[in-house]
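User: I have a structure open and would like to learn how to read its features. Please take me through it step by step.

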Amino acid sequence: MPLNDEQNSDCDSSRFSESTGSSSDSEYSRQSFTSDSSSKPSSPASTSPPKLVTFDEMMAAARNLSDLTLAHEIAVNENFHLQRTEHSQNSLPGRVRQIVHQAFWDRLEEDLNEDPPEYEHAIKLFDEIKEILLSFLNPGANRMRSQICEVLDTDLIRQQAQHDAVDIQGLANYVITTMGKLCAPVRDNDVNQLKATGNIVALFRQIFHVLDLMRMDNVNFTIQSLRPHLQRNLVDYERAKFQDILEETPSALDLTTEWIRESIQDELSSVSCEASSSSGAGGIPKPNLSPTLVLTNSYLKLLQWDYQKKIIPETLVTDEGRLRELSEKLNQLKIVACICLITSNMVGAAIEGIPDFGDKQKRISFVLLDGMNKKTFDLKEALTAIGLQTCSEINQSLTERGFPPLSKEVHANLMGQICNIVEEDNPISSLIDKRIQLYMRSLLASPCAQKSMATIPGGLAVIQTEVESIGSQFANIVNLNKQVYGPFYANIFRKLLFNKPVASTTDTDPSTN
């Protein structure tokens, strides 16, 4: 499906779960699919020379990756649809497009105003209109197909033009009538407005504009029709497509392997010295590590991933936009939770009598932290503004109730602690981060069939609703990813933990336990 002038308008994460597969701008990196070393499942683990990628193989892998990404987006994102990209008239592409189009329509008007009129350009337009109308028909619509071909027969129209007997307005009226039969109800008003257009050149122009809208409607209707089928077959389809990429392109799992290797090394660093000393010598030590635990730790790293500097593992490129969005939202929530916890601990008695103070402070924080993930955002300045607003609200409430305002010392301490949230190794920030990680870990450890949410840790009550929503979306992404890429992960664990040769993904159990 061509995406030249279309883009996905909504990359919001859906609630598509693992059971449905049995969910952005999406941008993704292809750098990991174009290196030199071979990592095919059938490749020996020896020092054989690397296989070089031909241009055709690279393009085939790119097409497979594009197909995989589009199918994944359609299946997991209920709001995914295509829309026209309109360039601003003040932009260079917009001005060029306007000049070229205007020149075309001016030439058509000159041809039709000649004596006798020159109909060749108009006939070519009718031929293009005929092809577009035929593309809207179902395979069984033979009667309408024959009628369109008969009325818009360009050979016949050309013969009529030679004898000055062609009825351009009559043909345009037939096109409008046919468009009214084929368009979606939302386009009825657009089609009806065509009938009021008197100038034939302006009418041609408007006809093509409405036909473009109808084509986009047709594409989006096709997407909606395909979605249930893709959801039923998504796991098998994505796994097969990625296997094709793996067979066409060397090192298509290098980043994924390194991602898992880092989690293995992190886990090894936390085991006891006795377990490490009893491990086999050479290579990575091999205590009794659980692949499930290691993979869970790997997934949790994605919530703290630097998406601007680090390339995401190949098996997660289809969800990169969603994961980035969840990570950014979680960073904002962490700051909000820190602010509320600091305020509660320092001036809990003063805010006890203020109705809905926590909710109000949270709303203010969200507003002032909007856009905090942009490079130009000044987080220190935003925290200072939040601290000042918090102190102002507290002092106003205290004054209204007949109490003295906060002392200068308390005011300074509260402002200082809120502003220090940005400092590295800040204890409050570290505490909130650990509790968020604990909650996310408990979600990923829960059985897939378990519907009840994990218990929210202390200190996160003020952001409970938002954290539960993010946790649910994250768990859905992870569970679907495990189903699709489980066999590939199992092969990586065999290689890293047990030095065993990789097996074919078609014969591998998806479970990594």
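User: What is the handedness of the crossing of helix 4 and helix 7?

Analyst: This is a predicted model, and in it helix 4 crosses helix 7 in a left-handed way.

User: At roughly what angle do the axes of helix 4 and helix 7 cross, and within what distance do they come?

Analyst: The two axes cross at roughly 15 degrees and come within 12 Å. Angles under 35 degrees count as roughly parallel, and helix 4 and helix 7 are therefore roughly parallel to each other.

User: Which residues make the contact?

Analyst: Helix 4 contributes Ala122, Phe126, Ile129 and Leu133. From helix 7 come Ile168, Leu171, Ala172, Val175, Thr178, Met179 and Leu182. Sorted by type, the residues of this contact of helix 4 with helix 7 are 10 nonpolar, 1 polar and no charged.

User: Where is Phe136 placed, and is Phe136 buried or exposed?

Analyst: Phe136 sits in the loop between helix 4 (120–135) and helix 5 (142–151). Buried means under 20% relative accessible area; Phe136 has 13%, so Phe136 is buried.

User: Which residues does Phe136 touch, not counting residues up to four places away in sequence?

Analyst: With those left out, Phe136 touches Leu182, Leu211, Met214, Arg215 and Asn218. Sequence distance and distance in space can also be set side by side: Phe136 and Cys183 are 47 residues apart in sequence, and their C-alpha atoms are 8.8 Å apart in space.

User: At roughly what angle do helix 9 and helix 18 cross?

Analyst: The axes of helix 9 (residues 200–248) and helix 18 (residues 464–498) cross at roughly 40 degrees and come within 9 Å. Helix 9 and helix 18 are therefore oblique to each other. The crossing of helix 9 with helix 18 is right-handed.

User: Which residues meet there?

Analyst: On the side of helix 9 they are Leu234, Val235, Glu238, Arg239, Phe242, Gln243 and Leu246. On the side of helix 18 they are Leu480, Gln483, Val484, Tyr485, Pro487 and Phe488. The contact of helix 9 with helix 18 divides into 9 nonpolar, 2 polar and 2 charged residues.

User: What describes a pair of aromatic rings, and how many aromatic pairs are there?

Analyst: The distance of the centres and the angle of the planes describe a pair of aromatic rings. Ring centres have to lie within 6.5 Å to pair, and by this rule the count is 10 aromatic pairs. One of them is formed by Trp105 and Phe208, a tilted pair at 6.4 Å centre to centre with 50 degrees between the planes. Trp105 lies in helix 3 (residues 92–113) and Phe208 in helix 9, so the pair ties together parts that are 103 residues apart in sequence. Trp105 is buried, with a relative accessible area of 9%, and Phe208 is buried at 12%.

User: Why is the pair of Phe242 and Tyr485 edge-to-face?

Analyst: Their planes are at 85 degrees and their ring centres 5.2 Å apart, so the pair counts as edge-to-face. Over 60 degrees is the cut-off for this class. Phe242 is in helix 9 and Tyr485 in helix 18, so this pair ties together parts that are 243 residues apart in sequence. Phe242 is buried, with a relative accessible area of 1%; Tyr485 is buried too, with 2%.

User: Which residues do ring pairs link into a cluster?

Analyst: The cluster consists of Phe242, Trp259, Tyr299, Tyr485, Phe488 and Tyr489, linked by ring pairs.

Key: Residues numbered from 1 in each chain as written. Predicted model: local features only at pLDDT ≥ 70, side-chain atom pairs only at ≥ 80, totals over all residues. Heavy atoms only, no water. Axes fitted to C-alpha atoms, helices over the stretch in contact; angles between N-to-C directions. Helix = DSSP H or I, 4+ residues; strand = E, 2+ residues; numbered from the N terminus. Parallel < 35°, antiparallel > 145°, perpendicular 65-115°, else oblique. Left-handed = near helix turned anticlockwise from the far one by under 90°. Contact = heavy atoms within 4.5 Å. Nonpolar A, V, L, I, M, F, W, Y, C, P; charged D, E, K, R; others polar. Buried < 20%, exposed > 50% of the residue type's maximum accessible area, 1.4 Å probe, protein only. Phe/Tyr/Trp six-rings, centres within 6.5 Å; stacked < 30°, edge-to-face > 60°.
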